[in-house]
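The following note sets out points for a colleague to check against the coordinates. Please read them with the model open.

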Amino acid sequence: MTGTDGGTIMNGTSTTEIRGEFFIDGRRLSYLDFGGPGRPLLALHGHLYEGRTWERLAEALAPRWRVIAPDQRGHGDSDRAASYTRDDYVDDAIALLDHLGIEQAVTLGHSGGGITAFQIAARHPRRVTAVVNVEGPVCDLDDGPSALSFVLSMPYTAPTRQALLDAIGPLAPMLGDKLRPTPDGGRRLPFHPQDTIVSEQGTHGDHWADWTATTCPALFVLARGSQVITPEEGRLIVARRPGTRLAELDGDHFVHTNDPQGFATAVGDFLATLG
């Protein structure tokens, strides 16, 4: 495994952003390290997103917390992978911590990234001091079509940025600033549609054993307008795991982008209890 660090970018706040990358079996994993002297927090995005989704959280938590946010396999600037299992995502996260020389961190994640956050704790309990699960399902027994099947109608690449924006239609406002250049001068999505379906289907199943395997402090963030988790399910998730707090926020499944200030406050309040 080899790695490199990119340039340093001052973003106008108290955080210093570094784009770094390292290689696992020839596959590049890219990440943002928002720097600072604070305690490490590994922030994991969900499907369709990338590490930069945590930029405002990093700004809000600095300088007490150093947010490290990878573009997970197949997303953003990270390379596509041959598989997208739960173990794959956990292994990537541990490899990143090892690359940075971090022994322990808080793990935080949204949706599929939330599942990864608590699965890291379950499988590597000594590496995790606390977990923040943002709308990550604990029990999803749906074995039907992927909830993200709509991405299969989207092209992965297009000859121009505008052509790709036109092709993705309603998702253009969400993805417009995330498109990547291609070697031929065109643009590509920050994820491959088929990979996304395979990855999302890998999140299905019963994850109660992983969620309840540890007793480190945890926060579960539930969106009042969630399309994924009902209020009853959210409260059960909290009740069945000792040491877990609940934060309910206005917004939908993407609550960290709906209400970034409220989200940062909820996370910051929880982190303040860790001592």
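Which residues does Arg66 touch, not counting residues up to four places away in sequence?

1. Arg66 touches Asp33, Gly35, Gly36, Gly38, Arg39, Pro40, Leu41, Leu100 and Ile102, residues up to four places away in sequence being left out; contact means heavy atoms within 4.5 Å. Arg66 belongs to strand β5 (residues 65–70). Its side chain and that of Asp33 are joined by a polar contact of 2.6 Å. A polar contact is a pair of N or O atoms within 3.5 Å; within protein, one must be able to donate a hydrogen and the other to accept it, and residues adjacent in sequence count only if both atoms are side-chain atoms.

2. The model is predicted: local features need pLDDT of at least 70, side-chain atom pairs count only at pLDDT 80 or more, and totals for chains, interfaces and linings use all residues. Residues are numbered from 1 along each chain as its sequence is written, and side-chain values use heavy atoms, with hydrogens and water left out. The mean pLDDT (the predictor's confidence in each residue, from 0 to 100) of the protein chain is 93, and 93% of its residues reach 70 or more. Residues 7–13 stay under 50, and the model has 14 contacts for them beyond four places in sequence.

3. The protein chain contains 10 helices and 14 strands; helices (H or I, at least four residues) and strands (E, at least two) are DSSP runs, numbered from the N terminus. Among contacts between residues at least 6 apart in sequence, 71% join residues at least 24 apart.

4. Of the 275 residues, 55% count as buried; buried means under 20% relative accessible area, exposed over 50%, and partly exposed in between (1.4 Å probe, protein chains only). The largest nonpolar core has 32 residues, of which Phe22, Leu42, Leu96, Ile120, Val131, Trp211 and Ile237 touch the most other members. Helix α2 (residues 86–100) gives the most to this core, with six residues. Apart from this core lies another, of 28 residues, among them Trp54, Val106, Val134 and Ala247. A nonpolar core is a set of buried Ala, Val, Leu, Ile, Met, Phe, Trp, Tyr and Cys residues joined through side-chain atoms within 4.5 Å.

5. His45 lies in the loop between β4 (39–44) and α1 (55–61) and is buried, at 2% relative accessible area. Its contacts beyond four places in sequence include Trp54, His75 and His110. The side chain of His45 also reaches the backbone oxygen of Tyr49 at 3.3 Å.

6. Most residues other than glycine have a negative phi, and most peptide bonds are trans. A cis peptide bond, with omega about 0°, joins Ala62 and Pro63, and Pro63 is in the loop between α1 and β5. Asp25, in the loop between β2 (16–24) and β3 (27–33), has a positive phi near 50°. Glu135, in the loop between β7 (128–134) and β8 (139–140), has a positive phi of about 60°. Is each of these two residues buried or exposed? Asp25 counts as exposed, at 83% relative accessibility, whereas Glu135 counts as buried, at 0%.
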